[in-house]
Every structure is written in structure tokens, then in C-alpha cells.
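User: I would like to go through this model and ask, for each label attached to it, what the label rests on. Please set the values against the cut-offs as you answer.

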Amino acid sequence: MQPRIEDYALIGDEQTAALVGRNGSIDWLCLPRFDSAACFARLLGDEENGHWRIAPKGADMCTRRAYRTDTLVLDTEWETEEGTVRVTDLMPQRDRCPDVMRIVEGVSGRVTVRSTLRLRFDYGAIIPWMRRSGGHRVAVAGPDSVWLRSEPAVRTWGEDFGTHSEFTVAEGERVAFVLTWHPSHEPRPSLVDPYEALRASVTDWRRWATRCRYDGPHRDAVVRSLITLKALTYAPTGGIVAAATTSLPEELGGTRNWDYRYCWLRDSTLTLGALLSAGYHKEAEAWRDWLLRAVAGDPGRLQIMYGVAGERRLPEFEVSWLSGFAGSVPVRIGNGAVDQLQLDVYGEVLDSLWLARSSGLSAKPHMWSLQGVLLQWLREAWRRPDEGLWEVRGGRRQFVHSKVMVWVAADRAVRTLEEHPDLPGDLVGWRALRDEVHREVCEKGYDPERNTFTQYYGSRELDASLLLIPRVGFLPPDDPRVVGTVDAIREDLGHGGFVRRYDTSGTSVDGIEGDEGAFLACSFWLADALHLTGRTDDARDLFERLVGLANDVGLLAEEYDPVAGCQLGNFPQAFSHIGLVNTALALFGGDGAG
């Protein structure tokens with residue numbers, strides 16, 4: 001039976017992450033980084049593409065599962081005729097090499113448990129050579145080596161290119177499995193005590209969660225979203241990936257399947273705002289520092305996304321041997337949109353750095369000079385058409401959101417100089433740029449007949465990114481054009497009570513066949529816009545429904561299909577969880593955040 005996207009939970013060590021299904025199977029894991037090749041790729045194929053299942057013999061889906069409160073430690077339980085057993089999954093903070101730990105514990109009765117491990121390196125393509133060594137099972141193929149051990153040792157054998165174990169646990173008995181990856185040319189890393197790692201992981205996550213300053217409604221959902229953002233952070237650099245997966249479809253059986261294991265600039269301001277407002281200044285500063293390193297260089301070659309360490313080359317290719325989630329092909333690795341021109345990212349960068357400065361984050365050398373260089377390039381290039389926020393592949397246009405973000409870039413530079421007159425800069429010229437962009441957008445990007453801004457100059461189509469106009473300060477929330485735009489988007493892009501990014505039917509601007517679901521981040525933007533325009537009851541109702549879309553362990557994908565009632569797109573999606581945090585803070589933060 002094909003699992004649903006929402007059937008998965010996330011574990012991780014802030015350098016990579018794994019997806020664990022309700023049936024006890026780890027179906028996705030990339031080692032050693034988020035963007036490394038997967039050694040478990042059943043998520044996008046079948047069992048022969050790699051997975052690791054631990055469950056009672058003969059059992060299917062679990063009876064219940066949950067994260068331990070305010071942690072990323074997952075407990076999954078099965079009630080069987082023989083008794084009850086629990087599997088605890090975690091990836092502790094690594095010292096040098098990543099570990100996946102799975103602790104099986106008898107809760108009641110005596111239960112026979114089966115472990116089936118199929119390692120398949122390079123996205124399910126390579127079956128490794130297996131051998132025994134000092135109580136371990138060792139898998140080697142090319143640069144990858146994985147060691148598997150259990151404490152205490154249990155009967156383990158090889159069969160059908162898999163590693164199998166079977167054992168019985170009674171009440172109070174525990175068996176811990178530890179899977180450790182390391183470069184195959186290096187010696188085996190030191191052993192880690194799984195029980196001590198469990199204790200430390202629970203303590204560390206709960207200590208981190210106590211820093212959350214939000215104490216309003218749905219605090220558990222907000223904390224879970226913040227923990228998810230932390231889990232999607234590549235700790236060595238501070239970069240935050242958009243999702244832990246590639247090619248989970250935006251339409252089941254469709255072709256809108258993309259690799260999201262990279263860091264997008266479009267998320268930067270909203271991410272920074274969420275972390276700062278919730279009380280996570282250290283993480284916000286790390287994200288700001290990643291941003292500064294990533295964008296350094298030629299301002300004309302600013303990219304829309306980068307690798308977790310700021311890598312620029314992210315070539316896109318298709319993996320022909322994977323059948324795709326629910327038959328959704330192609331499966332893509334890398335992302336060709338990296339080479340697109342998106343003018344909005346210049347506004348995102350300058351807005352993020354303005355927010356960082358105004359929030360009291362420590363200034364970095366050359367931070368202001370970098371902003372000046374970016375704005376100077378934008379001053380000459382802002383009239384160009386671009387691919388826009390949504391990375392369309394149907395040709396460049398004069399997207400209204402892109403121009404609004406050009407205005408944001410100029411506005412934040414002007415405000416910085418007004419607040420810090422000792423800094424160098426062309427205040428008069430930047431004010432003139434800000435005013436010119438504003439006039440043009442209001443003239444060419446607004447449809448007076450329908451009282452709404454449009455997707456691009458001269459079009460009749462709408463775009464959910466226009467909901468950000470009041471949020472970024474381009475126009476005040478009570479401006480009739482803002483209210484009209486919110487109402488038009490609600491009417492034309494509404495989908496099952498939520499909102500699409502744009503209309504994908506007919507001659508869609510994105511140049512891609514197929515449809516997609518309601519976009520969750522945009523639906524949170526609609527809640528924000530309703531609140532700003534004085535319709536707070538409607539905003540809170542929408543927020544309640546959005547929170548209700550999270551799966552049983554509080555995770556959200558990129559999109560939702562209100563007809564089929566299922567999540568769509570890469571998972572879990574940082575953009576969706578950022579939206580949840582920011583909307584909670586907007587609606588309830590007056591009473592619920594410090």
C-alpha cells in the first residue's frame with residue numbers, strides 16, 4: 001500500500017534527516033548531508049531502493065506514535081495479540097559521523113520483532129558489499145561505509161540482498177540498533193552509547209524548546225514548527241534547507257517534482273523574523289551569517305538558492321531508475337532554477353539585513369558596503385523581466401511581486417541611512433529609485449477595473465505573493481487597492497478554503513503541465529492579510545484550519561489537496577512551518593510573545 005506523505009515523521013541531527021513511516025520503515029535518508037545521495041530511497045521508489053523497517057513480526061501500521069514532548073525523538077507503538085512494543089527513533093547530535101538509533105522496548109507481554117535493512121547507496125542504485133567485523137555488519141560501496149550493530153547482539157543474517165534480524169522482547173527489555181555512516185577510506189568511528197545518546201537528545205531538545213517566547217494559542221504547533229526549522233538547519237553553516245526531500249509531487253502522478261534540499265533566499269526575511277520574534281537570536285544570527293557568505297561576490301550573479309554551505313552549482317538531472325512517489329516522475333536531483341533571474345531576492349536580502357540590524361544582531365564587517373553594491377546593481381537592472389518568486393519556466397515577465405521587492409530593497413536602504421546617517425550612501429538617489437518603482441507598480445501592475453494588483457504588468461491573472469504588499473509596507477493595509485487585492489485573491493485563487501499560488505489552468509505562465517494543490521505558505525499569508533485589513537475573526541478561523549492540516553506529529557508539507565484530503569509536495573516544508581509561526585505571532589503575539 002502506497003504511504004501518504006503525511007504518514008511520515010522526521011528525525012535528524014541538524015546535518016541531515018530521515019523520514020520514518022507509520023509502519024516503522026525509514027524510507028528516506030541522505031548521508032552525510034541533506035543534499036547527499038540517499039541510501040534509503042523507498043520514498044521515491046520501492047523496497048529495493050533502500051529502507052530499514054523495524055516492527056512486530058507480521059504487523060503493518062503502528063497503533064500510535066508521537067514525538068516526546070518538545071523533542072525530535074519519535075516513539076512508535078504497536079499493540080499486538082502477544083503484547084505491546086515501542087520503537088524509539090532518533091539521530092543524536094553528531095560528533096564526527098552521523099548515527100541513526102532505533103531502540104526497541106517491550107511494553108507488555110512478549111513480542112517478536114523483525115528488522116529488515118536494505119542499504120542502497122546513490123539514490124537506490126548501488127547494492128553495497130556486506131561483511132561481518134567484530135559483531136558489526138559492515139556495508140561498503142565506493143566512498144560510503146555503514147556499520148550496523150545491536151546492543152545486546154541479536155540473531156542477524158543476510159537474505160535477498162538485505163540484512164535481517166529477529167528477536168523477542170518482554171516487558172522492560174530493550175534492544176538498541178545503531179547505524180553509523182563514515183567515509184569508506186577512514187577507520188570506523190568511536191562507538192556511541194545509544195541509551196546515553198537518547199537521554200542527552202531529550203534533554204538538549206527540551207532545553208532548546210524552553211527558549212521559545214511564544215505562549216499563545218497552539219503553542220505546541222508553534223514549538224513543533226520551530227523544532228522542525230531547527231531540524232532543517234545545517235548546523236555547521238547555519239543554512240536552512242527548504243525541505244528534507246526531493247521530488248515529492250505537487251500533483252500525484254504529475255511532473256511538478258523538484259529538489260528542495262537547498263537554501264532559498266526568498267525565505268530569508270520570513271525565516272529571520274520568525275526566529276527573532278520567537279526568541280531564537282543565536283539561530284537568527286547564524287542564518288544571517290550564512291546569507292552574507294552565500295551572496296558575497298558579483299552582485300549581478302546573485303542566485304535564488306544555494307547549497308547548505310553556500311555552494312552555487314546545483315545542476316539538475318533526472319534519476320531514471322526511481323519510479324517516483326505514487327508514480328510521479330521524473331525524480332529530479334539538483335535544481336535548474338538556480339540559474340534564473342529573480343529580482344525579488346535582492347529585496348529579500350536587503351530586507352533581511354535591515355531586520356537583522358534593527359533587531360540588534362551584531363553587525364558584520366562589510367555588511368553595509370555589500371548592501372550598497374547590491375542596490376547599485378539593482379538600480380541599473382530593475383526594469384528587466386525575470387522568472388519571479390515561483391521560478392516559472394515559461395519565460396520572463398514583469399512580475400509585480402518582483403518589482404515590489406525592488407521597492408523594498410530601496411526602502412530598506414533609505415530607512416537604514418535615515419536611522420544611521422553616519423553610514424555612507426546615496427540617500428537622494430535611493431529615495432528617487434524607491435519613488436520611481438512605486439509609481440510604476442501602481443500604474444502598470446494594478447487593474448483599476450477590478451481594483452486589484454495583478455501577477456505581472458498588463459495581465460489579468462492574480463498571484464498570492466501580492467498578499468505580501470501590506471506586510472512589506474508597500475501600501476498601508478487600509479488602502480482600497482490592498483483590500484481589493486486580498487478580496488480578489490480570496491475569490492479567484494481560493495481552493496477548498498485555502499489559496500493557490502496562481503492559476504495553473506490554461507496557458508499558465510509557469511510553462512509546466514499539470515496542476516497543484518493549495519499552497520500552505522500562501523494560505524498563511526492570506527490569514528496575515530485578513531488580519532491586517534481588519535478581518536481578524538476570518539484570519540483566526542483560517543489559521544485554525546491550517547493548523548488542523550498538520551499530520552499526527554505536527555508536520556506540514558508544501559501543499560494540500562482539499563479534494564483528496566492529503567498533503568502534497570516536499571516534506572516537511574520549512575516555508576509552511578515559517579508561515580505557521582509568523583501567523584501565530586501576528587494573531588496572538590501581543591499576548592503570547594515577549
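This is a predicted model: local features need pLDDT of at least 70, side-chain atom pairs count only at pLDDT 80 or more; totals for chains, interfaces and linings use all residues.

User: What makes α8 and α9 roughly antiparallel?

Analyst: The axes of helix α8 (residues 400-419) and helix α9 (residues 427-444) cross at roughly 155 degrees and come within 9 Å. Since angles over 145 degrees count as roughly antiparallel, α8 and α9 are therefore described in that way. The crossing in which α8 passes α9 is left-handed. Residues of α8 in the contact include Val404, Trp407, Ala410, Val414 and Leu417, and those of α9 include Leu427, Trp430, Leu433, Val437 and Val441. By class, the contact of α8 with α9 has 13 nonpolar, one polar and five charged residues.

User: How many aromatic pairs does the structure hold, and why is the pair of Tyr260 and Trp264 called tilted?

Analyst: There are 21 aromatic pairs in the structure. The ring centres of Tyr260 and Trp264 lie 5.3 Å apart, with the planes at 55 degrees. Pairing needs centres within 6.5 Å, and planes under 30 degrees apart count as stacked, over 60 as edge-to-face and the rest as tilted. Tyr260 and Trp264 are both buried.

User: What makes Phe519 and Phe575 an edge-to-face pair?

Analyst: Phe519 and Phe575 have 80 degrees between their ring planes and 6.4 Å from centre to centre; an angle over 60 degrees counts as edge-to-face, and a centre distance within 6.5 Å counts as a pair. Phe519 belongs to strand β26 (residues 518-519) and Phe575 to helix α14 (residues 574-592), so the pair ties together parts that are 56 residues apart in sequence. Phe519 and Phe575 also belong to one aromatic cluster with Trp390 and Trp525.

User: How do you know that Phe519 and Phe575 are buried?

Analyst: Buried means under 20% relative accessible area. Phe519 counts as buried at 1% relative accessibility, and Phe575 counts as buried at 2%.

User: On what value is Ile54 called buried, and what does Ile54 touch?

Analyst: Ile54, which is in strand β5 (residues 51-56), has 0% relative accessibility and so counts as buried, the cut-off being under 20%. Leaving aside neighbours within four places in sequence, Ile54 is in contact with several residues, among them Trp78, Val87, Val104, Val113 and Phe177. The C-alpha atoms of Ile54 and Val87 are separated by 7.7 Å, although the two residues are 33 apart along the chain.

User: Why is Leu542 called buried?

Analyst: Leu542, in helix α13 (residues 536-547), has a relative accessible area of 2%, which is under the 20% cut-off, so the residue is buried. Not counting residues up to four places away in sequence, Leu542 touches Gly497, Phe498, Ser523, Leu526, Ala527 and Leu530.

User: Why does Asp160 count as exposed, while Ala326 counts as partly exposed?

Analyst: Exposed means over 50% relative accessible area, and partly exposed covers the range between that and the 20% limit for buried. Asp160, in the loop between β13 (156-159) and β14 (162-170), counts as exposed at 53%. Ala326, in the loop between β20 and β21, counts as partly exposed at 32%.

User: What is the phi of Asp160 and of Ala326?

Analyst: Phi is near 55 degrees for Asp160 and near 55 degrees for Ala326. Most residues other than glycine have a negative phi.

How values were computed:
Residues are numbered from 1 along each chain as its sequence is written. Side-chain values use heavy atoms; hydrogens and water are left out. Axes are lines fitted to C-alpha atoms, for helices over the stretch in contact, and angles run from 0 to 180 degrees between N-to-C directions. Helices (H or I, at least four residues) and strands (E, at least two) are DSSP runs, numbered from the N terminus. Angles under 35 degrees count as roughly parallel, over 145 as roughly antiparallel, 65 to 115 as roughly perpendicular and the rest as oblique. A crossing is left-handed if the near helix is turned anticlockwise from the far one by less than a right angle, and right-handed if clockwise. Contact means heavy atoms within 4.5 Å. Ala, Val, Leu, Ile, Met, Phe, Trp, Tyr, Cys and Pro count as nonpolar, Asp, Glu, Lys and Arg as charged, and the others, Gly among them, as polar. Buried means under 20% relative accessible area, exposed over 50%, partly exposed in between (1.4 Å probe, protein chains only). Rings of Phe, Tyr and Trp (its six-membered ring) pair if their centres lie within 6.5 Å; planes under 30 degrees apart count as stacked, over 60 as edge-to-face and the rest as tilted.
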